[in-house]
Amino acid sequence: MRVLLAEDQVLLRDSFKMLIDSTPGMVTVGEAGTGSEAVRLAGQLRPDVVLMDVRMPEMDGIEATRRICGSAQGAGTRVLILTTFDLDEYVYASLRAGASGFLIKNSTAAELLGAIRVVAGGEALLAPTVTRRLIGEFLQRSERVPAAARPLDGVTPREREVLMLIAKGLSNRDIAEHLHLTVGTVKTHIGHLLAKLQARDRAQLVIAAYEAELVTSPARDGRGS
């Protein structure tokens with residue numbers, strides 16, 4: 001797994017590099033101290049994962065993520081956003097920009113390495129008890145894309161059910177049990193959803209489900225999604 005580090009604090013960046021390079025199967029291929037440098041290096045090096053800080057000089061991590069994920073060179077690159085509890089308002093914007101997930105900076109080394117593996121494997125790092133509530137809450141605060149801008153035309157009723165359960169944080173196995181399907185069938189439905197909604201990964205499907213109001217935020221209904 002080839003990792004690009006985008007973090008302006010040198011000491012923290014060095015710590016991440018030491019951890020990643022000492023882990024079998026992982027290697028740091030580049031280091032960026034600014035958002036613009038992260039975009040440039042991502043295009044040149046085409047890493048599997050970019051570990052991206054939100055607050056970066058010259059260009060913030062959200063804009064850098066948007067540019068990386070929106071470029072042809074970034075098609076195979078996944079972005080894992082680093083945040084702190086006081087920066088949680090950026091989580092939703094990060095996911096909309098194309099990030100595959102986020103990680104709190106005070107996470108353990110094992111959690112960091114696990115997050116990189118998950119994201120590198122093409123999955124989204126979405127903790128059902130945290131991320132889905134954050135997305136719902138920040139949908140209320142953020143400027144929202146009108147539903148017409150993200151239509152669900154062509155999505156079948158069964159695919160809508162799968163999409164709704166993804167947004168609620170269920171795993172493929174949980175969805176299969178809930179809908180009495182095989183895990184393979186669920187994966188097929190997800191593949192169709194990714195193609196129809198032009199989504200990079202599971203995180204983008206969660207965003208699409210909230211914007212289409214297939215699920216409502218905990219803040220709105222007072223009961224949880």
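Which unit do β1, helix α1 and β2 make? They form a right-handed β-α-β unit, where right-handed means that, with the strands pointing away from the viewer, the path from the first strand over the helix to the second runs clockwise.

## Ground rules

This is a predicted model, so local features need pLDDT of at least 70 and side-chain atom pairs count only at pLDDT 80 or more, while totals for chains, interfaces and linings use all residues. Residues are numbered from 1 along each chain as its sequence is written, and side-chain values use heavy atoms, with hydrogens and water left out.

Helices (H or I, at least four residues) and strands (E, at least two) are DSSP runs, numbered from the N terminus.

## The sheet

Five strands make an open sheet in the order β2-β1-β3-β4-β5, with parallel pairing (at least two DSSP bridges between two strands). At the edges sit β2 and β5 (101-104), each pairing on one side only. Neighbouring strands here are turned by 25° against each other on average, direction ignored.

Zooming in, β1 (residues 2-6) pairs with β2 (residues 27-32) over 5 bridges, and Val3 has Thr28 as its bridge partner in β2. Likewise, β3 (residues 49-53) and β4 (residues 78-83) pair over 5 bridges, with Arg78 of β4 partnering Val49.

Pro24 counts as exposed because its relative accessibility is 74% (buried is under 20%, exposed over 50%, partly exposed in between; 1.4 Å probe, protein chains only). Pro24 and Met1 are 23 residues apart in sequence and 9.4 Å apart in space, C-alpha to C-alpha.

Definitions and conventions
Axes fitted to C-alpha atoms, helices over the stretch in contact; angles between N-to-C directions.
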